[in-house]
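Here is a friendly tour of a few local features worth a look in the viewer. Have the sequence at hand as you read.

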Amino acid sequence: MWTCPVCHAENSGEWSFCKECGFDRSRDYETYPTLTVPLPAGTKPVSALTAAWQQKLAPGALKCPDCGNLTFYYASQLGQLICTRCHGAVPLTGKAPARRVSPPAKTPSLTLQRSNVIACGADTIVAVKADGTCVAAGNNRSGQCRVEGWKDLSAVAAGDEHTVGLRSDGTVVATGSGWSGQCRVSDWSGITAIAAGRWHTVGLKANGTVVAAGGNGDGQCNVGDWTGILAVAAGGNHTVGLRAGHTVVAVGTNFLYGQCNVGDWYDVAAIAAGACHTVGLRTNGTVIAVGSNGSGQCNVRKWTDIIAVAAGEHHTVGLKSDGTVVAVGENGSGQCSVWGWSDMVAIAAGGNQTVGLRADGTLAVAGGSHDVLRSVKQWRGIAVPASPSAGPTQRVPFFGRGNRT
């Protein structure tokens, strides 16, 4: 049992959210300074998720005198609450006049590494070679490894039982199980990034809109009204989009775990999605996560200097700027055993496995089956993203869009 810090209701230890008010205890709110509530006199304000919860703790205490907004962040260097809408200083009592201040300065951005040349499905691994062809290994019961003949590829994505390839001309190919329509992508064009969920496929178009095909039982394909999108990710039954303003949008299943609760994220530069969790990489190299945390897959708040993120079924992986890799979450198959990895330029995660791409075009694998591991370790000539100063190489631009998890 655990006691909700918002409404003080008693909740079962099996659930991450409060049955009374919806508070999600799997989130570390101190790392999400977007909504703030006052504590007793002499204590520092703490962050929360919604204005409704704010009002539960201090009814009427927080309201911007300038614009009436109810959402704030805490500017520690100013010692003030700042309105997220007009950036005015907001007194806790709501009586003092607001003083216009500048938003807190952002931490200098890292150079982020984004690459879709490798992908992991439930129990498959796929990669784009430097010549634009594709290799795949793992479970092929639905034909998800039948990628022979694919040419001129720039990116790949992998779902539970299907594999998707993006050609350099913006068209898309798919193979494997299509019982939900997840492989109906032959008419897509103008695509710049792809992602594959459990039973659905997502494509990002050059104009910032998004298309999707496949299972839509939880609304994971309801992306028709998205605009201004820079990257997409697909989880179990949810889809995530990174907006041009570094904010995030998500659709799909959200019950129980809250993996779509990304509306308050800001300064996000890359995204990833697992079975029931969502990961965001901020422009300052830190990482945030929401959703299921039963295996510790959301315990990423201490990570720094991260340039890429990936999410498996119940684990999360980060690529550091020095080429090393960190991982948290389920490790029953050794999928988080990435200690000692170095010289990595890209990562991918899926199911119970993690893959890292070295600068020499070879792969490192953690978790998964021994047969897959032996096969993948023999691969050579995988397309390697360029360094920031070198420009594009081998068909894959350094700033390729999207992030397959």
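## A lysine in a strand

Lys320 sits in strand β24, which covers residues 315–320. Keep in mind that the model is a predicted one.

Which side chain of opposite charge is nearest to Lys320? That is Asp305, 4.8 Å away. Lys320 is buried and has no salt bridge, because such a bridge needs a side-chain nitrogen of Lys or Arg within 4 Å of a carboxyl oxygen of Asp or Glu. Setting aside neighbours within four places in sequence, the contacts of Lys320 are Thr304, Asp305, Ile306, Ile307 and Val326.

## A three-stranded sheet

Now turn to an open sheet of three strands, ordered β17-β18-β19 and paired antiparallel. At its edges are β17 (229–234) and β19 (248–252), each of which pairs on one side only. On average, neighbouring strands here are turned by 20° against each other, direction ignored.

Have a look at how β17 meets β18 (residues 238–243): the two run antiparallel and are joined by five bridges. Ala231, for instance, has Leu242 in β18 as its bridge partner.

## Cysteines

How many disulfides does the structure hold? The count is zero. For Cys134, which is in no disulfide, the nearest cysteine sulfur belongs to Cys145 and lies 9.2 Å away.

Cys134 counts as buried because its relative accessibility is 10%, under the 20% cut-off. Cys276, by contrast, is partly exposed, with a relative accessible area of 21%.

Definitions and conventions
Residues are numbered from 1 along each chain as its sequence is written. This is a predicted model: local features need pLDDT of at least 70, side-chain atom pairs count only at pLDDT 80 or more; totals for chains, interfaces and linings use all residues. Side-chain values use heavy atoms; hydrogens and water are left out. Helices (H or I, at least four residues) and strands (E, at least two) are DSSP runs, numbered from the N terminus. Buried means under 20% relative accessible area, exposed over 50%, partly exposed in between (1.4 Å probe, protein chains only). Lys and Arg count as positive and Asp and Glu as negative; His and the chain ends are not counted. Contact means heavy atoms within 4.5 Å. Two strands pair if DSSP finds at least two bridges between them. Axes are lines fitted to C-alpha atoms, for helices over the stretch in contact, and angles run from 0 to 180 degrees between N-to-C directions. A disulfide is a pair of cysteine sulfur atoms within 2.5 Å.
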